Amino acid sequence: PGPDLLEKDVALFFQTIKKEPILAPADPRGHNATVNLVSSYMEPFHIQGIMAAAVRLGGNHVGMLMVERTDGPHPWALDEQNFLVAVADVVSLALE
């Protein structure tokens with residue numbers, strides 16, 4: 001397990017995930033919403049690709065699911081994005 005991602009430390013990342021069902025930058029080191037994750041989260045764990053989907057309960061953001069790659073930047077395919085959103089939706093249903 002890695003460190004906790006605190007909203008106060010990576011505010012734009014959380015703001016984006018609260019507004020969008022998926023965040024899947026091809027290059028997280030250059031993406032506005034994920035650039036603040038680089039030194040504190042990505043570099044220590046050799047993460048080069050990241051995708052996150054919101055988990056919602058009653059319309060409110062309660063968490064997220066993240067998928068990470070360590071073998072290089074990864075342009076996330078639409079089916080990969082759809083799969084993660086579907087899993088996040090199942091988690092949301094399980095929490096109801």
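Trainee: Which helix holds leucine 84?

Mentor: This is a predicted model, with residues numbered from 1 along each chain as its sequence is written; local features need pLDDT of at least 70, side-chain atom pairs count only at pLDDT 80 or more, and totals for chains, interfaces and linings use all residues. Side-chain values use heavy atoms, without hydrogens or water. Helices are DSSP runs of H or I with at least four residues, strands are E runs of at least two, and numbering starts from the N terminus. Residues 78-95 make up the helix that holds leucine 84, namely α3.

Trainee: Is leucine 84 buried or exposed?

Mentor: Buried means under 20% relative accessible area, exposed over 50%, and partly exposed in between (1.4 Å probe, protein chains only). Leucine 84 has a relative accessible area of 7%, so it is buried.

Trainee: What separates the C-alpha atoms of leucine 84 and proline 21?

Mentor: Along the chain, leucine 84 and proline 21 are 63 residues apart. Their C-alpha atoms are separated by 9.6 Å.

Trainee: What is the relative accessible area of glutamine 81?

Mentor: Glutamine 81 also lies in helix α3. Beyond four places in sequence, glutamine 81 touches Ile22, Ala24, Met51 and Trp76. Glutamine 81 counts as buried because its relative accessible area is 17%.

Trainee: How many residues does the second, separate core have?

Mentor: A nonpolar core is a set of buried Ala, Val, Leu, Ile, Met, Phe, Trp, Tyr and Cys residues joined through side-chain atoms within 4.5 Å. The largest core has 13 residues, of which Val10, Phe13, Leu23, Leu37, Tyr41 and Met42 touch the most other members. Helices α1 (11-19) and α2 (38-42) and strand β2 each supply at least two residues of this core. The second, separate core includes Met51, Ala53, Val55 and Leu84, and its residue count is 7.

Trainee: Which residue in β3 is the bridge partner of glycine 49?

Mentor: Two strands pair if DSSP finds at least two bridges between them. Strands β2 (residues 49-57) and β3 (residues 60-69) are antiparallel over 9 bridges. They form a hairpin with 2 residues between them, and glycine 58 in the turn has a positive phi of about 60 degrees. In β3, glycine 49 is partnered by arginine 69.

Trainee: What is the N to O distance between arginine 69 and aspartate 71?

Mentor: A salt bridge is a side-chain nitrogen of Lys or Arg within 4 Å of a carboxyl oxygen of Asp or Glu. Arginine 69 is partly exposed at 25% relative accessibility, and aspartate 71 is exposed at 56%. Their side chains meet in a salt bridge, N to O, at 2.7 Å.

Trainee: How many residues apart in sequence are the parts tied together by glutamate 7 and lysine 18?

Mentor: Glutamate 7 forms a salt bridge with lysine 18, with the closest N and O atoms 2.9 Å apart. Glutamate 7 lies in the segment before α1 and lysine 18 in helix α1, so the pair ties together parts whose separation in residues is 11.

Notes
Contact means heavy atoms within 4.5 Å.
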